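Open the structure in your viewer and keep the sequence at hand. The stops below say what to select next and what is there.

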Amino acid sequence: QVQLVESGGGLVQAGGSLRLSCAASGGTFSVLPMGWFRQAPGKEREFVATISWSGITTTVADSVKGRFTISRDNAENTVSLQMNSLKPEDTAVYYCAAGRFTPDQRQTYARENQYRYWGQGTQVTVPS
């Protein structure tokens, strides 16, 4: 069982930056692909970014490409999402998720059903 706790959300003006962090405990974090998803009011949860357990492979959604970067520290059991040039449409609750184990060190997951464990979410608000 993996527990995930997000932090770092808040209110930031358009064009600003935030860094979200997700701390994992209770499982073998270092061999699990990790991801970030978000859910805006009245919308379905959507994929934001994912990183393989080795950190070799990362993928981000087209909507955040060039602005958001995902990284991980397996020694600290953390995964982070650096968000730059924030826009009002980035306003959402951001969720950290841990994927199912894979021996492929380059494997990443972009679908919700590929993730087994979820955090409680952290709110990011970018006023228009």
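Select Phe-101 and show what surrounds it. Leaving aside neighbours within four places in sequence, Phe-101 is in contact (heavy atoms within 4.5 Å) with Val-31, Leu-32 and Tyr-109. Phe-101 and Val-31 are 70 residues apart in sequence, yet their C-alpha atoms are 6.4 Å apart in space. Phe-101 belongs to the loop between E9 and E10; strands such as these (E, at least two residues) and helices (H or I, at least four residues) are DSSP runs, numbered from the N terminus. Is Phe-101 buried or exposed? Its relative accessibility is 53%, so Phe-101 counts as exposed. The scale calls a residue buried under 20% relative accessible area, exposed over 50% and partly exposed in between, with a 1.4 Å probe and protein chains only.

Two notes before going on. This is a predicted model, in which local features need pLDDT of at least 70 and side-chain atom pairs count only at pLDDT 80 or more, while totals for chains, interfaces and linings use all residues. Residues are numbered from 1 along each chain as its sequence is written, and side-chain values use heavy atoms, with hydrogens and water left out.

**The aromatic cluster**

Next, select Phe-37, Phe-47, Tyr-109, Tyr-115 and Trp-118, which form one aromatic cluster. Rings of Phe, Tyr and Trp (its six-membered ring) pair if their centres lie within 6.5 Å; planes under 30 degrees apart count as stacked, over 60 as edge-to-face and the rest as tilted. By this rule the count is 5 aromatic pairs. In one of them, Tyr-109 and Tyr-115, the ring centres are 5.9 Å apart and the planes stand at 90°, so this pair is edge-to-face. Tyr-109 and Tyr-115 are both buried.

A charge sits over a ring if NZ of Lys or CZ of Arg is within 6 Å of the ring centre and within 35 degrees of the ring normal. Arg-45 lies over the face of Trp-118, 3.9 Å from the ring centre. The charged end of Arg-45 also sits over the ring of Tyr-95, at 4.9 Å from its centre.

Now select strand E4, residues 34-39. Of its 6 residues, 5 are buried, so E4 is largely enclosed by the rest of the structure. Two strands pair if DSSP finds at least two bridges between them. E4 pairs with E5 in the antiparallel sense over 5 bridges, and there Phe-37 stands opposite Phe-47. The hairpin of E4 and E5 has 6 residues between the strands, and Gly-42 takes a positive phi near 75°. E4 also pairs with E9, again antiparallel, over 6 bridges; Met-34 stands opposite Ala-98 in E9.

**The four-stranded sheet**

Move to the open sheet of 4 strands, with the order E1-E3-E8-E7 and antiparallel pairing. Which strands are at the edges? They are E1 (3-7) and E7 (68-73), each pairing on one side only. Neighbouring strands of this sheet are turned by 15° against each other on average, direction ignored; the axes behind such angles are lines fitted to C-alpha atoms, for helices over the stretch in contact, and angles run from 0 to 180 degrees between N-to-C directions.

Then pick Ser-80 in strand E8. Ser-80 counts as buried because its relative accessibility is 8%.

**The nonpolar core**

Finish with Met-83, the bridge partner of Phe-68 in E8. A nonpolar core is a set of buried Ala, Val, Leu, Ile, Met, Phe, Trp, Tyr and Cys residues joined through side-chain atoms within 4.5 Å. The largest one has 35 residues, and Met-83 is among those that touch the most other members, along with Leu-4, Trp-36, Val-79, Leu-81 and Tyr-94. Strand E9 (92-99) gives the most to this core, with 5 residues.
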